[in-house]
Amino acid sequence: MNCSGATLGGSLPSSWSRKSAFPQLRTLSLNATELSGSLPDAWGQHGSFLKLTELYLDHTNVTGQLPSTWADPGSFPSLVVFFADATKLTGSLPAAWGGLGSFSSLVRLHLGSNGLTGILPPEWGSQAAFQQLTHLYIANTSITGSIPFNWGLPGTFPALQAFEILAAQISGTIPPFWGTNGSLPALVFLHLDSCPLSGTLSADWGSPSAFPQLAGLSITNCSLSGSLPASWGGQGAFPALEILDIGFGADGISHLSGVLPPEWGSAVAFQQVQTLAIANCNVTGTISPSWGSIGAFPSLQTLYLYDMPLAGILPPSWGSNGSLPNLGTLRVGTGHHDFNCLSGILPAEWGSPVAFQQLQKLDIAACMTGPLPSSWGTPGAFPSLISLSLFDMVLTGPLPASWARNGSFPSLQSVGLGADLAGPRLACMSGPMPAEWGSPSAFQLLEILTLRICFESSVPPTWGQPGAFPALQFLDIKSCILTGTLPSSWPPALQYLNVADNSFHGPLPTALSRLTQLQQLTLNDNPFTGPLPAHWGFLGAFPELYSLQIVNAHLNGSLPDAWGSPTALSSLQTLVLRGIKNLTGTLPDSWAVDGAFPQLLSLGLEGTSVTGPGHHKTPFRSYKFLT
C-alpha cells in the first residue's frame with residue numbers, strides 16, 4: 001500500500017494490527033504525509049503484519065518513542081526495511097530491539113533527523129541481534145555516549161555492510177579491533193561524520209586480514225588525533241578500499257597530525273583506491289614523491305590534499321610517464337592564509353606530453369611561487385584537462401603565450417588564474433595580455449575565463465577578432481588594472497562580462513549591444529566618459545540582458561529616451577546606475593509608457609542628479625526597488 005505524499009492526517013490506527021487486517025500486505029509506505037501521533041504498541045503483537053516486508057514512515061509528524069513491544073518474538077517476522085527518517089520521534093533506542101528473535105528478517109534500519117536521545121544500546125551488539133541487518137543509519141539525533149565496546153566483536157552484526165553515524169553526540173573512541181579477527185566481516189561502507197569521536201586511527205586496521213570487504217571509509221568532522229598510520233599502506237591492507245576520506249575536525253580543523261606516510265605510495269598499497277581526500281587537519285611535512293612512483297595508486301581518480309600546513313614542493317616526478325595513470329581530479333592547497341603551505345614553483349615536468357593523461361580538473365590554491373610554466377602549453381600536455389584553477393599563489397610573470405599554441409589544452413573549458421579577491425592579494429602576475437590567446441586556433445572549447453592579474457595594459461584587439469574564444473560564455477577580468485578604451489568587439493557567445501575595477505576610459509561602445517547572448521554586464525568603477533549609448537535601446541540590442549550595472553563612472557548627459565522603447569531591453573531585470581554624478585535630467589516619459597522595461601525589478605540611481613519621475617507616479621509596472 002503506497003500512500004506516499006498523500007494528504008493523510010491523524011494518527012496511525014491501532015486497529016491495523018488485527019490479524020484479519022491486511023493479511024497479505026507486504027509494503028506500507030506512509031512517508032511524506034501529515035500523519036502524527038505515536039507508533040502503536042499493538043502493531044507489534046504476535047500475528048500482526050505477518051507478510052509486511054517494507055515499512056516507510058519517514059518525513060511524517062509521528063511522535064513518541066520507538067515501541068519496545070515491536071521487538072517481541074513473532075513481531076514483524078518478515079520485515080526487511082524500516083525507514084523512520086525525518087520524524088518527531090523521541091526517547092531512546094529500545095534495548096529490547098537487540099533481543100533474541102527480534103526483527104529476525106530486518107536488513108535496513110534508518111533512524112535519522114529526529115529527537116532520539118539516550119545511548120547506543122549495548123544489547124544491539126549481542127550475538128543474537130540483527131543477524132540479517134546490512135544497513136544501519138543513525139543521523140541528526142541527540143544520542144550521546146560512546147560506541148558500545150561489544151558492537152563489532154566477532155559474531156555481532158555478521159551481515160552489516162553499511163554503518164553510518166552522522167551528526168550525533170557520540171564521543172569516545174572508535175573500537176580499534178573493528179575489522180580484525182572476524183569483526184564486521186561483511187562491512188563495505190563505514191561513515192562517521194560530525195561526532196565528537198576522539199582517539200587515533202588504529203594501525204591494526206592496516207593488517208591484511210582487516211576489513212576484507214571495506215570499499216568506503218569516511219571519518220570526517222570528528223576530533224581524532226594522532227597520525228595517519230603507515231601500516232595502512234602495507235601489503236594486503238584494505239584490499240577492496242575504493243574511497244578514503246579523512247579530516248574536517250568537529251571544531252573546523254581535525255587534530256590529526258604527523259606527515260603523509262610515504263608508505264602509502266608503495267606499489268602494493270591501496271591498489272583499488274579511486275578517491276583519497278585528506279583535508280582540514282594538522283598534517284605537515286612534504287608530499288612524498290613515492291605517491292607518484294610507478295605502480296602507486298594505480299586506480300586513483302580523485303586526490304584532495306588541502307587545508308593543512310604542508311611544506312616543500314609539488315613533486316616534479318609526478319609528471320613522469322606512468323605516474324598516477326588514472327588521476328582525473330587533483331586539488332592541492334589551502335583556504336587558510338596563515339597556513340605555511342607549499343613553496344617552490346609549479347613543476348615544468350607536469351607539462352610533459354606523457355604526464356596526467358586522464359587529468360580533468362587541477363586546482364592549486366594559496367601555494368607556490370614563480371611563473372606559469374610555458375611547458376604546460378606543449379601540444380599533448382594535459383590532453384584531458386577541463387578545468388584549471390590557480391588562485392592565491394605568489395605567481396609572477398606574464399600569461400604564457402605558449403598556452404595558445406595550436407593543440408595546447410585541447411579539452412580546456414574553465415580557467416581561473418591569479419589572486420582570489422576574497423582573501424589577501426599575495427602577489428600579482430603582470431602583463432601585457434598575450435595577443436596570442438585570441439588566435440582562432442586557441443582555446444576552442446573554453447567557456448569560463450576568470451583572471452585576477454595585474455596586466456597594466458589594454459585588451460588586445462585579437463581577443464575580439466572573428467574566431468577568437470568561440471565558446472567563451474563567462475569572462476571575468478575584474479581588478480586586473482586594465483587600461484585603454486573598452487573594446488567594441490568581444491567573443492559572440494558571451495553571457496557574462498565583468499570588467500569592473502579597472503581603468504577603462506572613454507565612451508561606452510555602442511557595438512556592445514550586438515552581444516545577443518549577453519545576460520550580465522558589469523562595468524563598475526571605471527572612468528568612462530560621455531553619455532549612455534542610445535543605441536543600447538535600439539531594436540535588437542541586448543535581447544537577453546537581465547542585469548546592467550554601471551557604478552562610479554564619469555558619464556554625463558541624461559537617461560536615453562530610446563531605452564524606454566517597448567522593443568528595448570525587454571529582458572532587463574536589474575539596472576544600476578549609481579554614483580554617476582553628472583548623469584542629469586528626469587526619468588524620461590518613454591520609460592513610463594506601457595511596455596517599457598516589462599521585466600524590470602530593480603532600478604538604482606543613487607548618487608546621480610536624475611530627478612523624477614516627471615508626470616508619471618508609477619513609471620514601472622513590475623519594479624520592486626527604486627533607489
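His191 is buried (under 20% relative accessible area, where over 50% is exposed and anything in between is partly exposed, using a 1.4 Å probe and protein chains only), and its own relative accessible area is 17%. This histidine sits in strand β11, residues 189–193. Strands here are DSSP runs of E with at least two residues, helices are runs of H or I with at least four, and both are numbered from the N terminus. Leaving out residues up to four places away in sequence, His191 touches Phe163, Glu164, Ile165, Leu166, Ser218 and Thr220, where contact means heavy atoms within 4.5 Å.

A word on what you're looking at: this is a predicted model, so to speak of local features takes a pLDDT of at least 70 and side-chain atom pairs count only at pLDDT 80 or more, while totals for chains, interfaces and linings use all residues. Residues are numbered from 1 along each chain as its sequence is written, and side-chain values use heavy atoms, with hydrogens and water left out.

**The whole protein**

Stepping back, the protein has 33 strands and zero helices. Its C-alpha atoms fill a box of roughly 85 × 65 × 35 Å along the principal axes. Of the 627 residues, 50% are buried. Take the contacts between residues at least 6 apart in sequence, and 84% of them join residues at least 24 apart. The accessible surface comes to about 23600 Å², with 54% of that belonging to carbon and sulfur atoms; the areas come from the Shrake-Rupley method with a 1.4 Å probe, and for residues only the protein chains shown count as cover.

On the charge side, there are 18 positive and 31 negative side chains, and the centres of the two sets lie 11 Å apart. Lys and Arg count as positive and Asp and Glu as negative, with His and the chain ends not counted. Each charge is placed at NZ of Lys, CZ of Arg, CG of Asp or CD of Glu.

**Strand β19 and its partners**

Strand β19 covers residues 361–365, and four of its five residues are buried. Two strands count as paired if DSSP finds at least two bridges between them. β19 pairs in the parallel sense with β18 (residues 329–333) over five bridges, and Leu330 stands opposite Leu362 in β19. β19 also pairs in the parallel sense with β21 (residues 387–391), again over five bridges. There, Ile364 has Leu390 in β21 as its bridge partner. In a regular strand, side chains alternate between the two faces of the sheet.

**Some loop residues**

Which phenylalanines in the loops are worth a look? Phe211 has a positive phi near 45° without being a glycine, and Phe238 has a positive phi of about 45°, also as a non-glycine.

Pro262 is another loop residue, found between β15 (255–257) and β16 (275–279). Is Pro262 buried, exposed or partly exposed? With a relative accessible area of 43%, Pro262 is partly exposed. Its C-alpha atom is separated by 8.0 Å from that of Pro289, 27 residues apart along the chain. Setting aside neighbours within four places in sequence, Pro262 is in contact with Ser288, Ser290 and Trp291.
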